[in-house]
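Reader: Hello! Could you pick a single part of this model and take me through it closely, then show me how it sits among the rest?

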Amino acid sequence: MDCSLVRTLVHRYCAGEENWVDSRTIYVGHREPPPGAEAYIPQRHPDNRIVSSKYTFWNFIPKNLFEQFRRIANFYFLIIFLVQLIIDTPTSPVTSGLPLFFVITVTAIKQGYEDWLRHKADNAMNQCPVHFIQHGKLVRKQSRKLRVGDIVMVKEDETFPCDLIFLSSSRGDGTCHVTTASLDGESSHKTHYAVQDTKGFHTEEDIDGLHATIECEQPQPDLYKFVGRINVYNDRNDPVVRPLGSENLLLRGATLKNTEKIFGVAIYTGMETKMALNYQSKSQKRSAVEKSMNVFLIVYLCILISKALINTILKYVWQSEPFRDEPWYNQKTESERQRNLFLRAFTDFLAFMVLFNYIIPVSMYVTVEMQKFLGSYFITWDEEMFDEDTGEGPLVNTSDLNEELGQVEYIFTDKTGTLTENNMEFKECCIEGHVYVPHAVCNGQVLPGTSGIDMIDSSPGAGAREREELFFRALCLCHTIQVKDDDDVDGPRKSPDSGKSCVYISSSPDEVALVEGVQRLGFTYLRLKDNYMEILNRENDVERFELLEILSFDSVRRRMSVIVKSATGEIYLFCKGADSSIFPRVIEGKVDQIRARVERNAVEGLRTLCVAYKRLIPEEYEGVCALLQAAKVALQDRERKLAEAYEQVEKDLILLGATAVEDRLQEKAADTIEALQKAGIKVWVLTGDKMETAAATCYACKLFRRNTQLLELTTKKIEEQSLHDVLFELSKTVLRHSGSLTRDNFSGLSADMQDYGLIIDGAALSLIMKPREDGSCGNYRELFLEICRNCSAVLCCRMAPLQKAQIVKLIKLSKEHPITLAVGDGANDVSMILEAHVGIGVIGKEGRQAARNSDYAVPKFKHLKKMLLVHGHFYYIRISELVQYFFYKNVCFIFPQFLYQFFCGFSQQTLYDTAYLTLYNISFTSLPILLYSLMEQHVSIDTLRRDPSLYRDIAKNALLRWRVFIYWTFLGVFDALVFFFGAYFMFENTTVTSNGQIFGNWTFGTLVFTVMVFTVTLKLALDTHYWTWINHFVIWGSLLFYVVFSLLWGGIIWPFLNYQRMYYVFIQMLSSGPAWLLIILLITVSLLPDVLKKVLSRQLWPSATERVQTKSQCLSVEQSTIFMLSQTSSSLSF
């Protein structure tokens, strides 16, 4: 047996902490490793075919039907349809089968068309040509035929066909530039690095001679994380091991920019690529309206079962008399007499269920889906929400939550890039207590009227000169900025006054602002070439530093470091980060002076960073290098090991100074927050910034006012007192002033009450959320929530991304179950955006991860005002009327059928014709409510924007509460009673034709149906406030269609019908004068209670919305009168 194979297996499965099950080995170019190095074990991986479609030609019908019948309403109507087929029911199977077929067909066509488009896109992607290396030559084949291990060549402006490990590029420094717009929407260029040992391979022959294996993790959906290592085999057997990270990985869907060509080896293909793994949809969010709708459906299902049960019992009570059960003209057969009683009763129960099943509106689901889908375009079409500066408009990623925008009670917002512009301006730096203010630089542009260096404090002496220059060098070296000598790059940032036009590119605007700012102080960062960073000092001499290590920034450490080697051989570690992260690691420097300056800048709302360094002797650096290398090449728990290594390296630092950068408040951010608070929405700011900086921003954007009493729940406060004491003290403070008064549950803007603002930091939140020793944590949480409820605004600072989601979840699951909305612009906001009921991404400068994972996206924070107060308000008003109206019109429809059973001996005789049963919800009454739910504006857009308090009228699902639902139901029952008994008394006492003929039961049913169609349509017309020609066309057109259909249906002998019971019925009914009078009278009586209720409620108990409507109507009448008088006077003068 081959010993190398045994060695490999033992190494893989018994090698301590490394979990080899979660990794894969890739043989570069499918070349076996040298003999004795490692056994060649072929592995199977999927091909490079992308499949985003759900269906195939063969499984479309069964799979689609299965998915559609998983919906309760569809499944219910299928059962009813099958019952109609199996047993003898009073209505034709067509009456439930046709509406169900219509709903299923429309949905299937829509889903089939969408899937056909996906198939088309997949084929285009799978068949595009790709160049790869085979036997030292460049070969072209289709993308779908790529395999893991193939070496691929990609040219400039081409997209990567699969996930590649970057081996080499046409650039001498082994870098390439990539845009990931199709993955996360970011158009900025990102720099990726080739493997150190392969970046010199520039030809096909060189690459084909590469002997290497790659060990990496199994496919993961995280776009920003990758763990692996490459073993490069040279002439000797021991391979060179290099770590691989996300900077070496080129993702499928990304585009190569500003690089002629690159070579890479395929490691993940097809559905295992990170892009494909991110296809899976986010967890489904359901709106409060949808939940109410489902509850109402259950109520109506119970009503349906009760009706069927009552009628079944009454039928057998009625038939207990022999002459009723078996009259002389309808004798039973012997087999009918011998049928089991319980079986007969069950069959009758099912028949009654079929007869009354129309009370459950099957078409409501389709109408609601169409309303949400079509209504979502009103946001994307809104020109006022389009941002001219960025060329971006709002995005709707899901239309399922439109109405939820009108129900928001809490908004959780990020600060940087959401409330602020993320547009950094370098303001000052403090070195050893001396403050420097360069003339202002913002985004690469020198602001007018500024020049030279303005030094606030006296210049440092000669002894401190070295520290000053060391500080400037630290800022020039401690970053990940790329410099391009190209004016034509996406998102250019040009450095002014430099010898050449250069472009700074970085994922962090802070870094660019600092490098630009320090350039004004005499030190210019030039470039990174051959692993050497070049800077231009004050004497215009170029200094070169070898870049040895980068200790990358992360949101947990809140700092980054570089280790560099100067031309004189000195090794430095430069570290910059948040003050809370740097100060505990400092052992020397003017900490007190610098801390005082940092706190002062933070109070003014500036973003501060501290800079520190330490010198490393060569022996110390070797130990650091070994420590970092061991962590970097680990395949298991690499992040944890790197964090531990960074923690050991970044200590015993010497403090140099601090920087201050201003991030301006976004346009109209303050107005937006003020309007949202007036609308009864509580706004919380969740940020990673320090408390003073965040508090200053909160004052600037009017979240806190000058009279707001700030309550602190911070680590500093908890160190002085216990958490228990602090919480109880704060609780007593807020409850003492609220007393027995019911505090405004939404905002503390009342003039007669003390206005409170709470500030909490991440460490304090961890203590509140942490379970206590007895295993409970609910007590502290409830106390914390009680304090928050009585505060008008809350600021959470020093928050980690997961803590933001924790806060949202805590409020979301509190006993009031408020509707929450989270808004942010960066990847660190994604967790809270996904956690909230509604997630909104701001299309900002931190990339598009937030916008991509959100339900909606807006260009600026100010657009939130119109999205909630106007669009959200309208969406909720429209869909709540749609839901209530559907139940109302179906009660009107089916309750007369229930009453009719008392007059036909519970014989399951239908009141309406089959055509009317089928078309009532599909044709006669469907379009008016759909148009209403798309176009209704109960008040004008300007009024909603001007008066945010109107938002409170619809809060807490006001229009779908039980009181409103019962009113609509009883209104439907009343109208049904009027229809039925009005027609009944006329038929009982009157001969209604000129020749003395009396109408039959089909004429009776047609009369009831005619009054009903006109009443429910006119009821909607009375509820409509915003009339357009489309509303007129649809409402009056629907009534006209009903009349024309009835005339044709009863006026022509249709050859495909076996019998035609409606022949001449409608025409004969309309030829009767009393029938005309009765129709008008019954419609008037039916609509009268609703009209009276509206008039009385407006006069006696008007809501804020009704007062505004009355006022606007008075104004319009007044303006019309003035216009008519002016016209009259002008004609008289003429």
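Author: Gladly, and let's begin with helix α34, which is mostly covered: 19 of its 23 residues are buried. Buried here means under 20% relative accessible area, while exposed means over 50% and partly exposed lies in between, with a 1.4 Å probe and protein chains only. The model is a predicted one, in which local features need pLDDT of at least 70 and side-chain atom pairs count only at pLDDT 80 or more, whereas totals for chains, interfaces and linings use all residues. Residues are numbered from 1 along each chain as its sequence is written, and side-chain values use heavy atoms, with hydrogens and water left out.

Helix α34 spans residues 1001–1023, and from its first C-alpha to its last it reaches 33 Å, close to the 33 Å expected at 1.5 Å a residue. That expected span is 1.5 Å times one less than the number of residues. Helices (H or I, at least four residues) and strands (E, at least two) are DSSP runs, numbered from the N terminus.

Now zoom in on threonine 1015, which has its place in α34. Threonine 1015 has a relative accessible area of 0% and is buried. What is threonine 1015 in contact with, leaving aside its neighbours within four places in sequence? The partners are Tyr888, Asp975, Phe979, Ile1083, Ser1086 and Leu1087, where contact means heavy atoms within 4.5 Å. One of these, phenylalanine 979, is 36 residues away along the chain, and its C-alpha atom is 9.5 Å from that of threonine 1015.

Stepping back, the protein chain holds 38 helices and 37 strands. Of its 1134 residues, 53% count as buried. Among the contacts in the chain with a separation of 6 or more, 73% are between residues 24 or more positions apart. The accessible surface comes to about 50,700 Å², and carbon and sulfur atoms hold 57% of that; such areas come from the Shrake-Rupley method with a 1.4 Å probe, and for residues only the protein chains shown count as cover.

Another helix to look at is α30, residues 914–924: eight of its 11 residues are buried, so the rest of the structure largely encloses it. The buried ones are Ala915, Tyr916, Leu917, Thr918, Leu919, Tyr920, Asn921 and Phe924. At the start of α30, aspartate 913 places a side-chain oxygen within 3.1 Å of the backbone nitrogen of alanine 915.

In one of them, glutamate 409 meets lysine 956 at 2.9 Å, N to O. Glutamate 409 sits in the loop between β14 (395–396) and β15 (410–413) and lysine 956 in the loop between α32 (941–946) and α33 (962–989), so this pair ties together parts 547 residues apart in sequence. Glutamate 409 is buried at 5% relative accessibility, whereas lysine 956 is partly exposed at 31%.

A second bridge joins glutamate 549 and lysine 632 at 2.6 Å, N to O. Here strand β25 (residues 542–551) supplies the glutamate and helix α18 (residues 618–632) the lysine, so parts 83 residues apart in sequence are tied together. Glutamate 549 is buried, at 8%, and lysine 632 is partly exposed, at 22%.

Glutamate 816 and arginine 789 form a further bridge, at 2.7 Å, N to O. Glutamate 816 lies in the loop between α26 (801–812) and β35 (820–824) and arginine 789 in helix α25 (residues 778–789), so the pair links parts 27 residues apart in sequence. Salt bridges that share partners also join Asp382, Glu384, Lys866, Asp942 and Arg945 into one network.

Conventions
Polar contact = N/O pair within 3.5 Å; in protein donor to acceptor, adjacent residues only side chain to side chain. Salt bridge = Lys/Arg side-chain N within 4 Å of Asp/Glu carboxyl O.
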